[in-house]
Structures are given as structure tokens and as C-alpha cells.
Amino acid sequence: MTMETDRTDLPGEVESGAGNNIDVAEIERLAEERGYLRGRNERIEQLMGEPGLWQPLHPSAPPDTAAPEPAILQNLRRDIWD
């Protein structure tokens, strides 16, 4: 028998030289899982390189000194308690 007929006789398994059967579906599942994890880790690495919520966009940028107080405290109106 040739290799092509062996492959068609075993639809999902391939015989190795040592007599072990290797499940092709399992190999594909493991390869897809590795690819998924690699892509996820690359995306996380990219996000970790970006500035956080309260970090400046550029580390060498000077701090914003135009507004010493939060915007909500800049336009206070008088109320009945003042």
C-alpha cells in the first residue's frame, strides 16, 4: 500500500513510523490554541506599552499646570449656605 491509501484508510489519524497513531484533529486543536494564546499575549503586550488612564501620553511631556483644580471646582456658584 502507498502512503496515500494509508491516509484515506485512516480519516483523522496518521500512523507514525513507531506505530503510534497521531490524531490530526487534536494536533490542529492544539495549534489553534497556541495561535490564539500567542495573539492574545501580543495584544496584551501592545496594550501594556500604551499609557494608562492617568498617565501622560508622552513621559517627557510637562505636567498640565493650567488647571490646578478639577474642572468641577472651577465654576462654583453661590448657594443658600454661602
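Trainee: Where is the place of I72?
Mentor: I72 sits in the segment after α2. Before we go on, this is a predicted model: local features need pLDDT of at least 70, side-chain atom pairs count only at pLDDT 80 or more, and totals for chains, interfaces and linings use all residues. Residues are numbered from 1 along each chain as its sequence is written, and side-chain values use heavy atoms, with hydrogens and water left out.

Trainee: Is I72 buried or exposed?
Mentor: I72 counts as exposed, at 69% relative accessibility. Exposed means over 50% relative accessible area, buried under 20%, and partly exposed in between, with a 1.4 Å probe and protein chains only.

Trainee: Stepping back, how many helices and strands are in the protein chain?
Mentor: Two helices and two strands, in the order α-β-β-α from the N terminus on. They are DSSP runs numbered from the N terminus: helices are H or I of at least four residues, strands E of at least two.

Trainee: What share of the protein chain counts as buried?
Mentor: 0% of the 82 residues. The accessible surface of the chain is about 8300 Å², and 57% of that belongs to carbon and sulfur atoms.

Trainee: New topic. How many salt bridges does the count come to?
Mentor: Two. The rule asks for a side-chain nitrogen of Lys or Arg within 4 Å of a carboxyl oxygen of Asp or Glu.

Trainee: Which residues are linked in the network of salt bridges?
Mentor: E26, R29 and E33. The closest N and O atoms are 2.7 Å apart for E26 and R29, and 3.1 Å apart for R29 and E33.

Trainee: Why are E26 and R29 separated by about one helical turn?
Mentor: Because they are three residues apart in helix α2, residues 24-49. R29 and E33, also in helix α2, are four residues apart, again about one turn.

Trainee: And how does R29 count, buried or partly exposed?
Mentor: R29 is partly exposed at 41%, as are E26 at 35% and E33 at 38%.

Key:
Accessible areas come from the Shrake-Rupley method with a 1.4 Å probe; for residues, only the protein chains shown count as cover.
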